[in-house]
Amino acid sequence: MKVVSQILVRIPLILWAFIVIFPLIWMFMGAFKSNAEIFTSPWSFPTDFSFTNFERAWNDYNIGRAFLNSFFVTVLGSFLTLLLSIPTAYALERVRSKFGEVLVNVYLASMMIPSVLGWIPLFFLLMKFNLLDNLWALSLVYAISHVPFTIFILVGFIGNIPKELEEAAVVDGMSPYGILFKIVTPLIKSGIMTVTILNAISYWNEFFMALILLQTESKNTLGVAMNLLKIDAQYDSAWGVLFAGLCIAVIPVIIFYSIFQRHIVKGMTEGAIK
Amino acid sequence: MTFSSKSKYLFLAFCLLPTFLLFLIFTVYPMLGGLYYSFFDWSGTSANKTFIGLDNYIRLWNDSIIKKAIINDFFFVFVKVIGIMTLALFFAVALTQLKIKEAPFYRIVFFFPNIMSVVVIGILWQFIYDPNMGIVNSLLNQVGLTDWARPWLGDKTWVLPSIAIPAIWAGIGLFMLLIMGGISNVPKSLYEAADIDGASEWQQFWHITVPLVWPQIKTSILYIIITSLNGSFVLVQVMTGGGPGSASEVMGSYLYQRAFEDFQFGYGAAIGVLILVVSLITVLISQFILKKEKVEY
């Protein structure tokens, strides 16, 4: 009986694992195939493993440039998010006041409001400041959009730090700035890790803000460049190149995820939603 | 804190003010601005901005495409809530309760689509559905169901379910993890007691697991509703652009086209307000339906 149920449960598990993995394997195989192979033998392994498609995607279709732009936006955006969120989270957790409560609720409420509503004014605001088509500005927009979420995760972690540590530092004559950056920040390292991993993945993957706020091809991030590559590939029938482009966009996240997946799971199960 | 009050306030200002100012400029202002712009007829150059009161909203009321878009949005909400929650709950229970040795493998694999960009997912699935080189039609042909093969994304009746499948595909992992987190907090003694009382696994599922992870289930459902109403359009815009005709149009994709392709920014802003109103009403109603007393243990 036990054996039967063990097998029965595994059928949907294996099936779903297959449904998740197969499209990805198909994508990787497609990246090494010629157009003819993609059409005539969609299920088979590529006949020879040449990197031509990858080279063409990287050089001829601007994916290389977009890759670097995405990298820049991801790193700068993640850093700015922390810079803006850690002090706020600390102040909100440690100094309980009416004002602080209102502020928490304002940040919380903003998470419920669709960002789509703000697109049009944001576009014109950046246009007025001459910040359209600017990767620094895009990073800042990303960072601020994730500030509320980041604050909520970090407040929980700061709440777990024993107050005695900070009190001892005060006795030793440390300034509040010193306490914040030299004591509190290192102690919430695991919270910072979790939230930064999640932020970085969403900045790397973001598409619509970049589509609206960037204009020239040399500034495009991967999402926008992939969308353009798809349109170009349709005209040129460069299907293998498109598959290669998809791989280039996904491979860094796979590597990043394999290194940090423990933290994601931990943050997800211990973190915000209890 | 034990600092002098002046330096304390300076420190608090240092902590809170810069972030809040940037938040006002880049989050609050755009949202209020969206409301403001919705009362104008505006093509984007300031010279052409005329106040037209509620005309954009009257136009929305009479727009048959937006009605179709709202219905489509709710189709996605409904199918995603049912599809994602059923599978996520099943997988979460299977991977935590049933002593499966290779559970970590499934956990990693099932979460994997969650880290992929929606653009990449959209393009990949567009290929999967491609009438000529896609694997769906190729599979149907191989098993002899040649009549079933069709241009999935070009077919008015099949386009919505075809987009819903990758949406579910990409969503399960996250909610499975959230529910697994909930299950890991349920005291083991409850299941042991139920075993002694002779309760079947099915009974344990309904009478122990579901009530005790209800907070996680509720949060997940609300989160799916919000993200679906605010985010389905990315997949739609990438895979079909709302087509064929307006068969797969959703509110967000319609906003993007009106504002950033046709330069009707006032009308686009009104669609933005509509998305906000529809989201808030839906969340309130769902919260009321999902309300259930919290179980103490």
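**Exercise 1.** Classify Asp262(B) as buried, partly exposed or exposed, and describe its salt bridge with Arg258(B).

*Solution.* Step 1: the relative accessible area of Asp262(B) in this predicted model is 34%. Step 2: buried means under 20% relative accessible area, exposed over 50%, and partly exposed in between (1.4 Å probe, protein chains only). Asp262(B) is therefore partly exposed. Step 3: a salt bridge is a side-chain nitrogen of Lys or Arg within 4 Å of a carboxyl oxygen of Asp or Glu. For Asp262(B) and Arg258(B) the closest N and O atoms are 2.4 Å apart. Step 4: Arg258(B), at 16%, is buried.

Conventions: residues are numbered from 1 along each chain as its sequence is written, and chains are lettered from A and ligands numbered from 1 in the order in which they are written. The model is predicted, so local features need pLDDT of at least 70 and side-chain atom pairs count only at pLDDT 80 or more, while totals for chains, interfaces and linings use all residues; side-chain values use heavy atoms, with hydrogens and water left out.

**Exercise 2.** State how many salt bridges the whole structure holds, and describe the one between Arg150(B) and Asp155(B).

*Solution.* Step 1: the search finds 6 salt bridges over all chains. Step 2: the closest N and O atoms of Arg150(B) and Asp155(B) are 3.8 Å apart. Step 3: Arg150(B) is partly exposed at 22%, and Asp155(B) is buried at 17%.

**Exercise 3.** Find the network of salt bridges that contains Arg94(A).

*Solution.* Step 1: Arg94(A) bridges to Glu93(A), with the closest N and O atoms 3.2 Å apart. Step 2: both Arg94(A) and Glu93(A) are buried.

**Exercise 4.** Classify the ring pair of Phe123(A) and Phe260(B).

*Solution.* Step 1: rings of Phe, Tyr and Trp (its six-membered ring) pair if their centres lie within 6.5 Å; planes under 30 degrees apart count as stacked, over 60 as edge-to-face and the rest as tilted. Across all chains there are 57 aromatic pairs. Step 2: the centres of Phe123(A) and Phe260(B) are 5.5 Å apart and the planes stand at 85°, so this pair is edge-to-face. Step 3: Phe123(A) is buried at 11%, and Phe260(B) is buried at 14%.

**Exercise 5.** Say where the charged end of Arg59(B) sits.

*Solution.* Step 1: a charge sits over a ring if NZ of Lys or CZ of Arg is within 6 Å of the ring centre and within 35 degrees of the ring normal. Step 2: the charged end of Arg59(B) sits over the ring of Tyr267(B), 3.5 Å from its centre.
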